[in-house]
Amino acid sequence: LDDGECPHFQLDQPQPFALGITHLFDDIPLKKAEAIKSQMISYFGSSTYYRWKQKRRLVKPKEQAYIKNLFLAQGITDDPLYDDYQEYYDLG
């Protein structure tokens, strides 16, 4: 492979999945929070966003990384604040 990454590679250790985003925007200025929320809904869809908010769906590690990049794009260097974490094997 060109980049040395196998698309079928799976880590053999559990990964942290986030549960709940009710406090995700607590310490963020309103304008930045609105921009991040809008981008999250645009990228993931409103159904996924509200299932995260209602704790009916876990936020996968790759989704957490995307959200972290949205924070960074707004100049926020603090990690996103999720309600809780649970460890699972990330099967894709």
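In what follows, a residue is called buried when its relative accessible area is under 20%, exposed when that area is over 50%, and partly exposed in between, with a 1.4 Å probe and protein chains only. This is a predicted model, in which local features need pLDDT of at least 70 and side-chain atom pairs count only at pLDDT 80 or more, while totals for chains, interfaces and linings use all residues. Residues are numbered from 1 along each chain as its sequence is written, and side-chain values use heavy atoms, with hydrogens and water left out.

The structure holds three salt bridges, each defined as a side-chain nitrogen of Lys or Arg within 4 Å of a carboxyl oxygen of Asp or Glu.

Select Lys68 and Asp79 to begin: their side chains meet in a salt bridge, at 2.9 Å from N to O. Lys68 lies in helix 3 and Asp79 in the loop between helix 3 and strand 3, so the pair ties together parts that are 11 residues apart in sequence; helices (H or I, at least four residues) and strands (E, at least two) are DSSP runs numbered from the N terminus. Lys68 is buried, at 18% relative accessible area, whereas Asp79 is exposed, at 58%.

Next, select Lys55 and Asp83, whose side chains form a salt bridge of 3.4 Å, N to O. This pair links distant parts of the chain, 28 residues apart, with Lys55 in the loop between helix 2 (46-53) and strand 2 (58-59) and Asp83 in the loop between helix 3 (61-73) and strand 3 (84-88). Lys55 is partly exposed, at 44% relative accessibility, and Asp83 is partly exposed, at 24%.

Finally, select Arg57 and Glu63, which form a salt bridge with their closest N and O atoms 3.0 Å apart; Glu63 is buried, with a relative accessible area of 11%.
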